[in-house]
Structures are given as C-alpha cells and as structure tokens.
Amino acid sequence: MKMKIISAVVLSMAAMVGVGSQAQEIKSVRKGELVAPIQPAKVTNKAMVDLGAKLFFDPRLSKSGFISCNSCHNLSMGGTDNLKTSIGHNWQEGPINSPTVLNSSLAIAQFWDGRAKDLKEQAAGPIANPGEMAFTHELAVGMLQSIPGYTAEFKKVFGSDKIDINMVTQAIAAFEETLVTPNSRFDKWLAGDDKALTAQELRGYQTFKNSGCVACHNGPALGGTSFQKMGVVEPYKASSPAEGRSAVTGKDEDRFNFKVPTLRNVELTYPYFHDGAADTLSEAVDTMGRLQLGRKFTPAENADIVAFLKTLTGDQPKMMMPILPPSSDATPRPTPFEKK
Ligand code: HEC
Ligand code: HEC
C-alpha cells in the first residue's frame, strides 16, 4: 500500500520534470496472483546513495582493511558470496549463510531471525561483529573522519563536519534501497506478456502455486513477508546451531522459525538455506516439497519448478565501480593479520 502511494507521488513528480519511463510503476495485469512485480528503484537523494555505495565497497570499514560489505554480498554474484557460510575477520568460519542484499529493502525485517528492524539498523551490525569486519563504530568513524574526501562528502550530504555512525548506516541503507532487480521474465509475464515464459516455466509456476509454495513465498520478493518454521511436516536436520526467530523473541514456539528468504535471483544466490546446506536449486526444491508440504515432486515437476525459479532473475543493479577517496597520513593503518 505504502509503496503504491509513494510511487504514485513519484510518478506525478516524474511527469512534471519529464523523467523517462525508467521510474514508472509496473502493474500486474493478472488478477489474483500472490506475487507482485518488483518496482524500479526511485532515487530521491543521489548524493547520499553515491556515498552509501562507496561505504558498501570500502574495506577500510573492517579491522583488516580487507573486508567490505561487498566481500560477503558481492554485487557481481547476486549480492551473496556463494559460500556455505561466510568468511570473516582472520579467516573465521561464519555461523550462517549470507543472504542476498538484492531486494532486501522489501523484507519485513533483516537477518534470518529478523533481529534488525530495517536496513539502517542492520548496517550497524557487521562493522562491529568480531566474526565479520571486527572493527568498532568509533574506529570506523575515526577512519572516515581522517579522510578528507569522505569528510567533504559527508558534509555535502549531511551538512555536518562531524561524521557519526548514524550517517554511515543511513547512507549504506539508502544505497541498499536502490539494489532492486526489476524486469525479470516472470515480471514481464505478470505485466501481461504471455510470451515471456515458456510452457515449462509456466507449468512450474502453476505447480509452485498449486502445491502451496506461494503460501510462504509471496509478495514482490516471493519471500520476506513472514517468519516460518523450517520443517513443517518433517524436521530439518540443520548443519548449524542457529535457532531462528526464538533467539529474538525468546519464545519456544518460534524455535526454528526463519524469515522466508526471497526467491528473486535465486538462480544466482546458491547455496541455499540458512546453513547453506543445499548446493543446487533442484535439491532445495525437493527439500521444500517434502519438509514444508509433505510432497515428493517427480523429477519432471522438480525440473519445472526450477525452470520457473530461474525466470525470477531480474536486471542486476548497474553502477560505476565507486572510486574511494585515498587514506590520509593521519588514517590509522589496518591490521590484516592477527596472531592467534
Ligand atoms: C563476513 C561476511 C559479511 C560481511 C562483511 C557483511 N555481511 Fe551482511 N550478512 C552476512 C551474513 C552471514 C548475514 C546473515 C546473518 C544472520 O542472519 O544472522 C548477513 C546479513 C545481511 C543483511 C540481511 C539480509 C536479509 O535478507 O536478512 C543485510 C542487508 C546485510 N547483511 C548487509 C550488509 C552490509 C551493509 C554490510 C557492510 C556494512 C555487510 N552486510 C557486511 C555476512 C556479511
Ligand atoms: C511453510 C512455509 C514455506 C513453504 C510452504 C515453502 N517454503 Fe521455501 N522456504 C521457507 C523458509 C522458512 C525457508 C528458509 C529455511 C532455512 O533456510 O532454514 C525457505 C527456503 C527456500 C529456498 C532457499 C532460498 C535461499 O535463498 O536459501 C527455496 C529455493 C525455496 N524455499 C523454495 C520453495 C518451494 C519451491 C516451495 C514449494 C515446493 C517452498 N519453498 C515452500 C518457507 C517455506
């Protein structure tokens, strides 16, 4: 609803200033679908988005000077690292699979257990997480403050000579909000183009709908709208100790509930599940059928669903590789190696 109102406003503004068709709302002409098209990003503060892009790519926000947000959410690889679990500071093995940052602005909350309410709150986590970037907010801000290129840019965006962590996370979140992937073949089909899907892909979508996948994987992101139990019909044997939503709510009934992940660009975001245990889409679909729905798909049904899922790959964000301002003589030097 909120999105509709905002896009209506943006559309009328666009008409006034004559912005091209790029920012237009994409409507689904198919009635009764539980999936909606992805809308293109609407940039309201380009200077802030550009600053956020630099911060997203800047490894100096980590203690090692080597790990940036992009290390684990590689925008050349669907916003993930394509690893079972991530590699953090000092080559530490992470506890959980890195979800994509693409379309993450569409989710009800951030992280597998939803412990951050939005992207801004989320962005404060990894910088200070000893298993990820292993820095502190004070050191990160001090580092930025020592770089004239950054102080000038923060001043331009926030009107202040003094950088603080809120500005850092706000700019990163503004950048992440632009990381949406409209224009997938499935969205073209939703918008009325009957030729956008092959017969097999359409069959896959029908099986996806009729067997009940869409009860959890719905909305524009085909996910991110609820927390659900992993292993509804049959328990899931996880290869990690993560407990899911109960870690946030403290409620036993939330044990092993995870945020339903988006299926947008899922062809690019392997391996799958919070523990990264499923290497292939075919395996993930088979597990979902059995554990969530008590249904064993035939190889042909499985192949149809996989074919459908691959139509959810949209236009990847296009951007110029941001060029980062150089450190000054006063910038503290990184600690890439630590003796154990
Ligand atoms: C060392 C790897 C690593 C680095 C570096 C890293 N992340 Fe993550 N990120 C993860 C993992 C793993 C998760 C999932 C953690 C969880 O759910 O408990 C995650 C979760 C997220 C999410 C939530 C997505 C969702 O669907 O819930 C967002 C957004 C995100 N990271 C953005 C960032 C930003 C911004 C930075 C830089 C400030 C960053 N990450 C740095 C590994 C990393
Ligand atoms: C009861 C809710 C529910 C139903 C029904 C459901 N899913 Fe899921 N799906 C989830 C949850 C929760 C996860 C994350 C589980 C985890 O990582 O432990 C998930 C994960 C996935 C993933 C992995 C995504 C990733 O990035 O890791 C795929 C693919 C998937 N589901 C496809 C399907 C398909 C296809 C169906 C129908 C056969 C289906 N799901 C039915 C809730 C559901």
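Helices (H or I, at least four residues) and strands (E, at least two) are DSSP runs, numbered from the N terminus. Phi of Asn90 is near 60°, which is a positive value in a residue other than glycine. Asn90 counts as partly exposed because it has 17 C-beta neighbours inside 10 Å. For that label, a residue is buried if 20 or more other C-beta atoms lie within 10 Å of its own, exposed if 12 or fewer, and partly exposed in between, with C-beta atoms placed from the backbone.

Some housekeeping. This is a predicted model, in which local features need pLDDT of at least 70, side-chain atom pairs count only at pLDDT 80 or more, and totals for chains, interfaces and linings use all residues. Residues are numbered from 1 along each chain as its sequence is written, while chains are lettered from A and ligands numbered from 1 in the order in which they are written.

Now the overall picture. The protein chain has 12 helices and 4 strands. Its C-alpha atoms fill a box of roughly 65 × 60 × 35 Å, taken along the principal axes. With 340 residues, a compact globule would have a radius of gyration near 20 Å, and the protein chain, at 21 Å, agrees with that. The radius here is taken over C-alpha atoms, and the globule rule is 2.2 Å times the number of residues to the power 0.38. Of the 340 residues, 40% count as buried. As for contacts with a separation of 6 or more, 68% join residues 24 or more positions apart. Two residues are in contact if their C-beta atoms, placed from the backbone, lie within 7 Å.

Let's go inside. The largest nonpolar core has 29 residues, and those with the most contacts inside it are Leu55, Ala140, Leu144, Ala171 and Ile172. By nonpolar core I mean a set of buried Ala, Val, Leu, Ile, Met, Phe, Trp, Tyr and Cys residues joined through C-beta atoms within 7 Å. Helix H2 (46-57), H4, H5, helix H6 (148-158) and H7 each supply at least two residues of this core. H7 gives the largest share, 6 residues. Apart from this core lies another, of 27 residues, among them Val35, Trp189, Val266 and Leu312.

Take Ala171 as an example. Leaving aside its neighbours within four places in sequence, Ala171 is in contact with Met48, Leu51, Gly52, Leu55 and Val157.

Next, H6. Which residues of H6 are buried? They are Tyr150, Glu153, Phe154 and Val157. These four cover an arc of only 100° around the axis, so they are on the same side of H6. That arc is the one of the directions from the helix axis to the C-beta atoms. The buried residues of H6 pack against H2, H5 and H7, while the face turned away from the buried side carries the exposed residues Ala152 and Lys156.

H4 can be read in a similar way. Its buried residues are Leu119, Gln122, Ala123, Pro126 and Ile127. They cover an arc of only 135° around the axis, which puts them on the same side of H4. What covers them includes H3, helix H5 (137-145) and helix H7 (165-176). In the loop between H4 and H5 you'll find Ala134, which has a positive phi of about 60° although it is not a glycine. Ala134 is buried, with 21 other C-beta atoms within 10 Å.

Now the ligands. A residue is near a molecule if its C-beta atom, placed from the backbone, lies within 6 Å of it. Of the 26 residues around ligand 1, Cys69, Cys72, Phe111, Trp112 and Pro126 come nearest. The elements giving two or more residues to that shell are helix H3 (69-72) and helix H4 (119-128), and the largest share, 5 residues, comes from H4.

Ligand 2 is surrounded by 26 residues, and the closest are Cys213, Cys216, Tyr272, Phe273 and Met288. H11 gives the most to that shell, with 6 residues.

One last stop: the peptide bond from Tyr270 to Pro271 is cis, with omega near -10°. Pro271 lies in the loop between strand S4 (257-259) and H11.
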